[in-house]
Amino acid sequence: MRKQIAAANWKMNCTYQQGEQLLDEILSANIELKAHQQTIFAVPFPYLIMAKSETEEENNYFVAAQNCYNKKSGAYTGEVSVEMLQSIGIQFCVLGHSERREYFQESNKMLAEKLDLCLQYNITPIFCCGEPLNIREAGTQNSYVETQLKESLFHLSDADIKKVVIAYEPIWAIGTGKTATSEQAQEMHAFLRSVLAKQYGTTTADAVSILYGGSVKANNAKELFSCPDVDGGLVGGASLNAGEFITIINSLK
Ligand code: PEP
């Protein structure tokens, strides 16, 4: 079975102490993940080591960075390299979140470079894609998202694409309380898988986990995750509440 993943995206929230308490509360629920299930906490850079040590003893609990730079090292004041992340044992990195694309002008090309570096350093990229509201209203969401995949992922080898986790996040559903219906999510996830299959074949496409993101909450996670092509979620707001996120983890297939 494909990996089923509950990924928390804290964004720029929580003090160190609040973050530590949130992790303690979630981990003290002692949810035993099955072999095909994972929980990932994408926390701000200053909390990576703390989150790593909190989750160290737990089976299938991991920590992710929320971003990295697209250059190996050098005179890029304020940036964080993939090698730095690897050197503190980080195994996942969120790439191309719509907030990064919008506020920091991250292009598909720049994301392809970040992806390559992550794979080079054995860090699993969680690659975000998704359309804005005007594209959804125009009905052209499929070709919009297909282009994001083509321009950032399709230079990868068959072996490397299987290491990538994709997160489909319709921008109109992020932080808005407006969730895609499970039909809309399933339709897009099946489409993304068909795009992968066209490029890499069905065996490879079937191996790639595709998460849904956009106002996932305790009360809708089960229905969304039960869709055959939805392999869990990337969760913003609701991941900051221990009770909500525990229910979301428990909603994984
Ligand atoms: C996100 O930040 O990736 C996200 C999906 O946010 P929210 O769950 O708050 O919509």
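This section describes the ligand shell, the annotated positions, the nonpolar core and several asparagine residues of a predicted model.

The surroundings of the ligand are considered first. The ligand is surrounded by 14 residues, and the closest of them are Ile174, Gly175, Gly213, Gly236 and Gly237. By residue class, this shell consists of 5 nonpolar, 7 polar and 2 charged residues. The unreviewed UniProt entry gives the annotation "binding site" to Asn9, Trp10, Lys11, Gly175, Ser215, Gly236 and Gly237. These annotated positions are spread over 229 residues of sequence, yet they cluster in space, with a largest C-alpha distance of 14.0 Å. Gly175, Gly236 and Gly237 are named both among the closest residues to the ligand and in the UniProt annotation.

Asn9 belongs to strand 1, which comprises residues 4-9. Asn9 is classed as buried because 27 C-beta neighbours are found inside 10 Å, the threshold for this class being 20 or more. Beyond its neighbours within four places in sequence, Asn9 makes contact with Ala42, Gln66, Val94, Leu234, Val235, Gly236 and Ser239. Gly236, for its part, is placed in the loop that connects strand 8 (232-235) with helix 12 (242-250). Gly236 has 22 C-beta neighbours inside 10 Å and therefore also counts as buried. When residues up to four places away in sequence are not counted, Gly236 touches Asn9, Lys11, Ile174 and Gly175.

In the unreviewed UniProt entry, "active site" covers His97 and Glu169. The two residues are spread over 73 residues of sequence but cluster in space, the largest C-alpha distance being 8.4 Å. His97 is found in the loop between strand 4 (92-95) and helix 4 (98-103), whereas Glu169 is found in the loop between strand 6 and helix 9 (182-200). His97 is buried, since 27 other C-beta atoms lie within 10 Å. Glu169 likewise counts as buried, with 27 C-beta neighbours inside 10 Å. Apart from its neighbours within four places in sequence, Glu169 is in contact with Ser98, Cys128, Gly130, Ile174, Gly213, Gly214 and Leu234. Ile174 and Gly213, included among these contacts, are listed among the closest residues to the ligand.

Gly213 also forms part of the strand arrangement. Strand 6 (residues 165-168) pairs with strand 7 in the parallel sense over 3 bridges, and Tyr168 stands opposite Tyr212 in strand 7. Strand 7 also runs parallel to strand 8, to which 2 bridges join it; here Gly213 stands opposite Leu234 in strand 8. In a regular strand, side chains alternate between the two faces of the sheet. In strand 7 (residues 210-213), Ile210 and Tyr212 point one way, Leu211 and Gly213 point the other way, and all are buried.

Nonpolar side chains in soluble globular proteins tend to be buried together. The largest nonpolar core of the model contains 72 residues, and those with the most contacts inside it are Ala7, Ala42, Ala64, Cys93, Ile126, Phe127 and Ile166. Strand 3 (residues 61-65) makes the greatest contribution to this core, with 5 residues. With neighbours within four places in sequence left aside, Ile166 is in contact with Phe127, Cys129, Leu192, Val208 and Ile210.

Asn30, in the loop between helix 1 (16-27) and strand 2 (37-42), has a positive phi of about 50° although it is not a glycine. Asn30 is exposed, as 7 other C-beta atoms lie within 10 Å. Asn60, in the loop between helix 2 (48-55) and strand 3, also has a positive phi, near 70°. Asn60 is partly exposed, with 17 other C-beta atoms within 10 Å. Asn108 lies in helix 5 (residues 108-120) and is partly exposed, with 16 other C-beta atoms within 10 Å. The C-alpha atoms of Asn108 and Lys150 are separated by 8.9 Å, the two residues being 42 residues apart along the chain. Asn108 touches Gln148, Glu151 and Ser152, residues up to four places away in sequence not being counted.

Notes:
Residues are numbered from 1 along each chain as its sequence is written. This is a predicted model: local features need pLDDT of at least 70, side-chain atom pairs count only at pLDDT 80 or more; totals for chains, interfaces and linings use all residues. A residue is near a molecule or strand if its C-beta atom, placed from the backbone, lies within 6 Å of it. Ala, Val, Leu, Ile, Met, Phe, Trp, Tyr, Cys and Pro count as nonpolar, Asp, Glu, Lys and Arg as charged, and the others, Gly among them, as polar. A nonpolar core is a set of buried Ala, Val, Leu, Ile, Met, Phe, Trp, Tyr and Cys residues joined through C-beta atoms within 7 Å. A residue is buried if 20 or more other C-beta atoms lie within 10 Å of its own, exposed if 12 or fewer, and partly exposed in between; C-beta atoms are placed from the backbone. Helices (H or I, at least four residues) and strands (E, at least two) are DSSP runs, numbered from the N terminus. Two residues are in contact if their C-beta atoms, placed from the backbone, lie within 7 Å. UniProt positions are given in the numbering used here, feature names are shortened, and annotations may be inferred rather than shown by experiment. Two strands pair if DSSP finds at least two bridges between them.
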